[in-house]
Number of protein chains: 2
Amino acid sequence: MSLSEFDRDTAVTPREPGVYDADLSGGWAIGSALNGGYLLATMARALGDTMPHPHPFTVSTHYLTATAAGPATVRAETVRAGRTLSTGAASLFQTGPDGREVERIRVLATYGDLATLSEDVRTAAKPPEMPPYEHCLGSEHAPSGSSPVMADRLDMRLDPATVGWAVGAPSGKGEMRAWFCLADGRDPDPLSLLMTVDALPPTAFELGIGGWVPTVELTAHVRALPAPGPLRVALSTRNLAGGFLEEDAEVWDSADRLVAQSRQLARAVRG
Amino acid sequence: MSLSEFDRDTAVTPREPGVYDADLSGGWAIGSALNGGYLLATMARALGDTMPHPHPFTVSTHYLTATAAGPATVRAETVRAGRTLSTGAASLFQTGPDGREVERIRVLATYGDLATLSEDVRTAAKPPEMPPYEHCLGSEHAPSGSSPVMADRLDMRLDPATVGWAVGAPSGKGEMRAWFCLADGRDPDPLSLLMTVDALPPTAFELGIGGWVPTVELTAHVRALPAPGPLRVALSTRNLAGGFLEEDAEVWDSADRLVAQSRQLARAVRG
């Protein structure tokens, strides 16, 4: 079986201990910048190679400067190795126009082993209420040329109740919901979940705010190994104030389990 | 006016550029460990001294090992200085029994200037519904000896609907709500908000889970300069699974503004 687009494009090659070469793919662009979730997944792959535990449990990502397609270096280190959990740090660098390294993203992460968790679940969380897949809207329904390049990597179908923005009639509610698969059929895993939490159109669109909504910081929790099959993703924003908004994501797997949660602080660049 | 307990106990003294001495106070203990929010505020004070912007906008904290009262060293650095936002990193160290430095906590933070934000607010968030201050329960209502030492620093009154755990009858809902002031009357500011988000009893208690609920990671967003006067804090947990739970905090000021949000991933050590 050939490597999935996601695995190919998030691959990292060890150069020396703790230093990895990556070749970031323009296929994950949103406008002129690469998607933050794609970049996070690439860094988490390097961290997973460095750390004594296999899976990201909680990953905090601060975005410093916009990342472009092309060569990049990830430096990753284990900060503390524990029995159940280990904590590490990673940074993504690219070469600036003057030939010097520029740091793009810095990450702190705590890793563990999701396969060792008990099956005990006492949850008040419920999967999002949304229409079945076949009643949701794919990029083939979007106005021609309006979908980002990254949409070609995804099989994503938006809940019609959350796409008013696409026809100039945002709902005013800070909500976005979608069915979510990788276009090449690769099943979800903890790494792809880190991309999934940041892959939908921003809730700001449904609040009537267009333009660029760059992420300042995103923290994702991976809560369980996802079952194969389609995911459901629900985004919500409670508070847009002073030009900043938080955006929460929940990702549910085909077995109705909450497999990832994230919160990001983003900037509404144009009001 | 004398220094508040909070300002005195979170003070840091510059030793050399980027290195600060702290003397952590046992007055902020919960059981045998110091409160994570108190420690975060102390580290954020050192970061604020290092960074070109004054206020924490988003702070991601990974807790490595339990911190004890006594001397500690904070190392803080600016990673990137921008026009609107700057990003920094900090670590808290203590000397271990073998005389070597042990890292306790690592932080990534993005700072800005809350005073420059526009007054534009488009929010769906509403303050928590809870009884007035005089109908909520202070530590003088708690069973004798059951309150942590830190309770003496706070004037905190819990919503009676969320204190079933204290009399052996947890509600089963992952909710906790309180009125919140510092006991010495000091008004809230961005630094004290970082302590406030982690100061209530854990929601796990209302889920029927006693014992230690150590924080793995906590990310806090400070969204506005708080108005003087009492705060309202609402915690909620949606998903307890596999021995881990997320806990979300919202902090509202006396002017009904959402001034801080946080999410932490915690471990339910005993089921």
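Between them, chain B and chain A bury about 4,700 Å², of which 52% lies on carbon and sulfur atoms; buried area here is the accessible area (1.4 Å probe) that two parts lose on being put together, summed over both. Within chain B, the residues that lose the most area to chain A are Arg122(B), Arg223(B) and Arg238(B), which together account for 16% of what that side buries.

This is a predicted model, in which local features need pLDDT of at least 70 and side-chain atom pairs count only at pLDDT 80 or more, while totals for chains, interfaces and linings use all residues. Residues are numbered from 1 along each chain as its sequence is written, chains are lettered from A and ligands numbered from 1 in the order in which they are written, and side-chain values use heavy atoms, with hydrogens and water left out.

The contact (heavy atoms within 4.5 Å) takes 55 residues from chain B and 55 residues from chain A. When the copies are superposed by least squares on the C-alpha atoms of residues with pLDDT of at least 70 in both, chain B can be laid on chain A with an RMSD of 0.0 Å by a turn of 180° and a shift of 0.0 Å along the axis. That is the relation of a two-fold axis. The same surface serves both copies, since 100% of the contact residues of chain B recur in chain A. Of the residues of chain B, Ser60(B) comes closest to the rotation axis, at 3.1 Å (C-alpha).

Two of them are set out below.

| Salt bridge | N to O distance |
|---|---|
| Arg263(B) and Asp248(A) | 3.6 Å |
| Arg153(A) and Glu5(A) | 3.2 Å |

The largest cavity is lined by Glu217(A), Thr219(A), His221(A), Arg263(A), Glu217(B), Thr219(B), His221(B) and Arg263(B).

Notes: On a 1 Å grid over the protein atoms alone, a cavity is a set of points where a 1.4 Å probe fits but cannot get out, and a pocket is an open set with protein on both sides within 12 Å along at least five of seven lines; lining residues have an atom within 4 Å of a point. A salt bridge is a side-chain nitrogen of Lys or Arg within 4 Å of a carboxyl oxygen of Asp or Glu.
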